[in-house]
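This report accompanies the structure shown below.

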Amino acid sequence: MRGRLIVVSGPSGAGKSTLIRAALDAVPQLAYSVSATTRAPRPGEVDGRDYVFLSREEFERWIAEDRFLEWAEYSGNLYGTPEQKVEEFLDGGRSVILEIELQGARQVRAKRPDAAMVFVRAPSLDETRRRLSGRATETEEAMKTRLATAVEEVAARDEFDYEVVNGDRERARREMIEIMESIATGGNDAARP
Ligand code: ADP
Ligand code: 5GP
């Protein structure tokens, strides 16, 4: 059986990466799509594992070569999903998580209507702000842009099939794993909200 595309989206600082890591550890049928980006690596990020880090020129060449399933500009940088690797995972029966922002999520939904759409958010904008400043990876300016975008993103949450409100860590972790397990094992579609 071919795997399923899974889009995970939501504001920066919502806890998407944290929850995705937990799901990947718990559900062997899942794979992670490593995106390409023009943003600079954060301390600890590894090229090819966290992102494929490209110059703007290289990224534009990949666009011209039609290598992306979707791509978008976010907070001044380009981000995109290389399509070939995703197809290999799906053909091998693994379901693939794309951790992408809203414009990309909409492109995937339009191209692949069978994709499962999962929205992750913190309980409030204030909490999103606290988490972003706690993570301490963004400049003041980048944090402002990300928080402004967060308002638009939360307004679009009805476009998704599932929503995880990441308040209590353990509870959100369990919820995420349950959702991913059900999608990746071809769970009962009738149970989808
Ligand atoms: P995203 O991938 O959505 O940008 P991260 O997973 O990097 O978000 O999480 C942002 C920050 O919030 C990190 O420092 C992370 O440790 C923290 N965090 C994640 N989940 C929770 C939670 N449920 N409660 C409090 N802090 C959290
Ligand atoms: P960050 O810079 O915090 O790693 O990511 C910023 C935003 O870009 C996040 O919302 C993340 O989900 C999104 N993103 C990461 N990879 C991709 C991608 O391949 N395509 C799109 N459209 N968004 C991405």
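Around ligand 2 stand 16 residues, and Ser 35, Arg 39, Tyr 51, Tyr 79 and Glu 101 come nearest; a residue is counted here if one of its heavy atoms lies within 4 Å of the molecule. The structure is a predicted model, in which local features need pLDDT of at least 70 and side-chain atom pairs count only at pLDDT 80 or more, while totals for chains, interfaces and linings use all residues. Residues are numbered from 1 along each chain as its sequence is written, chains are lettered from A and ligands numbered from 1 in the order in which they are written, and side-chain values use heavy atoms, with hydrogens and water left out.

## The two ligands

Ligand 1 is surrounded by 13 residues, of which Lys 16, Ser 17, Thr 18, Arg 135 and Asn 166 are the closest. The table lists polar contacts of both ligands; a polar contact is a pair of N or O atoms within 3.5 Å, and within protein one must be able to donate a hydrogen and the other to accept it, residues adjacent in sequence counting only if both atoms are side-chain atoms.

| Residue (side chain) | Ligand atom | Distance |
|---|---|---|
| Ser 35 | oxygen of ligand 2 | 2.7 Å |
| Arg 39 | oxygen of ligand 2 | 2.6 Å |
| Glu 101 | nitrogen of ligand 2 | 2.7 Å |
| Thr 18 | oxygen of ligand 1 | 2.6 Å |
| Arg 131 | nitrogen of ligand 1 | 3.2 Å |
| Asn 166 | nitrogen of ligand 1 | 2.7 Å |

Taken alone, ligand 1 exposes 560 Å², and the protein buries 81% of that. For ligand 2, a polar side-chain atom of Glu 101 lies 2.7 Å from a nitrogen atom. Ligand 2 exposes 510 Å² when taken alone, of which the protein buries 96%. These accessible areas come from the Shrake-Rupley method with a 1.4 Å probe; for residues, only the protein chains shown count as cover.

## Salt bridges

A search of the whole structure finds 22 salt bridges, each defined as a side-chain nitrogen of Lys or Arg within 4 Å of a carboxyl oxygen of Asp or Glu.

One of them joins Arg 2 to Glu 87, with the closest N and O atoms 3.1 Å apart. This pair links distant parts of the chain: Arg 2 lies in the segment before strand 1 (5-9) and Glu 87 in helix 3 (residues 83-91), 85 residues apart. Helices (H or I, at least four residues) and strands (E, at least two) are DSSP runs, numbered from the N terminus. Arg 2 is partly exposed, at a relative accessible area of 43%. On this scale, buried means under 20% relative accessible area, exposed over 50%, and partly exposed in between, using a 1.4 Å probe and protein chains only.

Glu 159 and Arg 109 also form a salt bridge, their closest N and O atoms being 3.7 Å apart.

Arg 39, whose side chain contacts ligand 2, meets the side chain of Glu 45 in a salt bridge (2.9 Å, N to O). Arg 39 counts as buried, at 8% relative accessibility. A network of salt bridges links Arg 39, Arg 42, Glu 45, Arg 135, Glu 138 and Arg 146. Leaving out residues up to four places away in sequence, Arg 42 touches Arg 135, Thr 137, Glu 138 and Arg 146, contact meaning heavy atoms within 4.5 Å.

## A buried charge without a partner

Glu 153 belongs to helix 6 (residues 140-155). Glu 153 is buried yet has no salt bridge, and the nearest side chain of opposite charge, Lys 16, is 6.6 Å away. For charge, Lys and Arg count as positive and Asp and Glu as negative, while His and the chain ends are not counted. Among the residues that Glu 153 touches, not counting those up to four places away in sequence, are Tyr 74, Glu 101 and Phe 119.

## Positive phi angles

Ser 75, in the loop between strand 5 (68-74) and strand 6 (77-82), has a positive phi near 50° although it is not glycine. Ser 75 is partly exposed, at 30% relative accessibility. Ala 136 likewise has a positive phi, near 55°, in a residue other than glycine. Ala 136 lies in the loop between helix 5 (125-135) and helix 6 and counts as exposed, at 60% relative accessibility.
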